[in-house]
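Here is a short briefing on one protein chain.

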Amino acid sequence: MYPTPRSLTVGCLALAVAITAAAAPAPQPLEAELTAKNPVNIMPDDPVTTMTFRNEAEATPPATAAWSTPAGSAPVLRVETTNRPQSADHVSVIWRSAEPLVRGDVLLARFFVRAEFARQESGEAIFDFDVFQTDPDWTRHTTLPLTAGPDWALYEIPFTAARDAEPGQAQIRISAGTIPQAIEIASLEVLNFGKQVEVASLPQTRFTYRGREPDAAWRKAALERIEKIRTAPMKIRVIDAEGKPIAGAQVNGRLIRPAFQFGTSVDSSFILNETDDAKMYREKLLEMFDTAVIENGMKWPKWSGTAASRAEAIRARDWLLSQGLQLRAHTLVWPGDRFSPIRVREMPEDRAELPLLIKEHIRDFVTENKGLISSYDVINEMLHERDYFKTMPETEAAEWFKVARETDPHTKLFINEYSMLNSRRSPDRIKLYLEQVKRLQDVGAPIDGLGVQSHVGRQVRAPEDVLSDLDLLATAGLEIQPTEFDVNTPDEELQADYERDFLIALYSHPSVTGFTKWGFWERKHWKPDAGMFRADWSDKPSAKVWRDLVRGEWLTKFDEKTNAEGVLETRGHLGIYQFDVTAGDKVARQKRTLGIDGADITIQVVN
């Protein structure tokens with residue numbers, strides 16, 4: 001959300017056609033030391049008339065690229081993609097270099113960018129920036145996949161020329177053909193410093209966020225809330241067979257099932273594999289988490305696809321349960337055609353059989369898993385995926401909750417959605433989400449909880465704002481769970497700091513009852529940069545954060561002796577504890593639950 005402060009420089013852009021766009025930040029000169037190097041901008045003097053727009057998306061309406069100059073702003077280029085082309089460069093804007101390059105030249109690309117909208121979970125636009133040439137052969141000088149949030153951000157990208165290029169040979173390209181989205185770009189320049197500087201000496205964009213500082217007031221307050229709402233006192237009395245207190249008894253206590261769920265999505269096929277990586281995957285899963293969600297195997301297309309895919313999901317489910325993990329189920333209904341079984345997509349236009357087919361699927365799935373699942377995402381992304389509601393009223397979705405409740409009265413039923421907790425647009429999305437939930441509740445939907453996916457990109461939302469978003473969600477009076485958290489950035493320090501602060505923020509909020517990461521290993525993660533373990537299984541800094549908090553500070557363990565009265569008083573995080581008590585040569589083991597009101601526990605050692 002807040003790029004690390006850097007001085008800016010003037011970009012040379014001109015006006016073409018007038019459209020509505022957000023005013024871009026005012027350009028500013030380079031730092032004096034760099035300005036003194038007199039770098040040469042290899043961009044053409046008139047980027048508007050020299051720009052080539054490539055549109056091979058074959059979409060209706062078509063992709064567009066158009067310029068405007070909002071009041072008081074540098075000219076802004078808006079590129080909109082209306083579908084998901086086969087390749088990012090199928091929707092791209094290209095300029096040919098106006099100046100030569102010499103192999104080894106050090107360059108700095110700079111531009112402002114923001115996402116007007118982006119149809120994906122994090123709300124961030126996805127685009128590529130590259131400088132390349134095809135003559136005399138294909139060469140990339142730099143290529144970088146990037147994202148953009150709703151706020152203007154300055155990207156500064158240093159790189160080195162990979163080969164010589166005459167004027168016009170090198171091409172500067174921004175490719176936006178990834179998802180339906182609109183991005184705005186301003187003040188684009190590519191400055192050539194020749195051999196005067198090293199790449200490492202040039203500025204490079206690194207994002208940060210408000211509230212990251214070690215002594216942030218919000219964090220201090222949140223940690224105090226955690227102590228108040230997530231921990232409680234325990235008084236443990238140890239007595240002998242005659243009921244007399246035992247002084248000096250050794251009490252080993254550990255929280256074995258936290259009241260708050262800390263989980264991850266898992267690859268069901270990989271869980272069942274016997275490769276070395278699969279064995280390590282299972283080991284890390286059990287080390288780090290107490291709850292699991294099968295990422296794809298329990299979705300409708302896989303569950304009802306083939307007997308083999310269904311059996312695989314069941315075997316994975318049974319293994320997870322055998323290891324003592326709790327299970328969430330994702331998802332009973334995802335009302336978009338592209339997430340549906342083939343027989344749904346191939347239905348006649350009126351889809352008269354669809355309502356009955358959905359209910360049959362819910363009954364089938366919940367019956368097979370009755371008593372095994374702690375909670376279901378009954379519906380996923382209903383605000384965004386609307387294909388089913390072209391032929392049925394939205395209120396039909398309430399019936400899906402009713403069928404799930406009738407089939408298994410003891411599990412919790414969630415609705416799940418994205419574009420919240422992750423940008424300044426979150427409050428508006430929350431308003432729409434709560435309005436939709438209220439409409440379903442008004443026709444009898446038994447909704448227990450709000451799932452909030454919480455996919456995060458490079459521009460993260462300040463923790464204080466996340467807490468205010470949670471306050472808005474809490475007005476519904478339902479449980480809240482961030483269900484698909486990840487931080488998709490190559491900046492491992494930012495990723496770790498933000499995961500720490502996001503965890504602290506949500507664990508400090510009384511309406512939040514659980515948290516699920518959407519994967520943990522780079523090679524089995526839908527966004528590889530977001531994994532907490534690298535491809536070689538080495539820890540990223542975010543893994544240390546998780547160990548320190550979730551598997552450390554918040555997973556209470558103690559090993560102490562009773563006092564002269566046979567009593568041990570302590571405090572712990574809420575949940576189910578296992579106590580192993582040793583008195584002389586006698587041992588007792590018991591499990592007890594610590595709730596918010598505390599626990600007065602008596603353990604008798606008799607054997």
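What percentage of the 607 residues in the chain is buried? Buried residues make up 57% of them. Keep in mind that this is a predicted model.

**The whole chain**
- The chain holds 14 helices and 30 strands.
- Its radius of gyration is 28 Å, close to the 25 Å that the globule rule gives for 607 residues, so the chain is as compact as a globular protein of that length.
- The C-alpha trace spans about 95 × 65 × 50 Å along its principal axes.

**Contacts and surface**
- Take the contacts with a separation of 6 or more: 78% of them join residues 24 or more positions apart.
- The accessible surface of the chain is about 24800 Å².
- Carbon and sulfur atoms account for 50% of that surface.

**Helix α3: length**
- Helix α3 covers residues 217-229, which makes 13 residues.
- At 1.5 Å a residue, α3 should span 18 Å, and its end C-alpha atoms are 19 Å apart, which agrees.

- Trp-218, Arg-219, Ala-222 and Ile-226 are the buried residues of α3.
- Seen down the axis of α3, these buried residues fall within an arc of 90°, so they line one face of the helix.
- An α-helix has 3.6 residues a turn, so residues three or four places apart point the same way.
- Ala-217, Lys-220 and Lys-228 are exposed on the other side of α3.

Note on methods
Residues are numbered from 1 along each chain as its sequence is written. This is a predicted model: local features need pLDDT of at least 70, side-chain atom pairs count only at pLDDT 80 or more; totals for chains, interfaces and linings use all residues. Side-chain values use heavy atoms; hydrogens and water are left out. Helices (H or I, at least four residues) and strands (E, at least two) are DSSP runs, numbered from the N terminus. The expected span of a helix is 1.5 Å times one less than its number of residues. Buried means under 20% relative accessible area, exposed over 50%, partly exposed in between (1.4 Å probe, protein chains only). The arc is that of the directions from the helix axis to the C-beta atoms. The radius of gyration is taken over C-alpha atoms; the globule rule is 2.2 Å times the number of residues to the power 0.38. Contact means heavy atoms within 4.5 Å. Accessible areas come from the Shrake-Rupley method with a 1.4 Å probe; for residues, only the protein chains shown count as cover.
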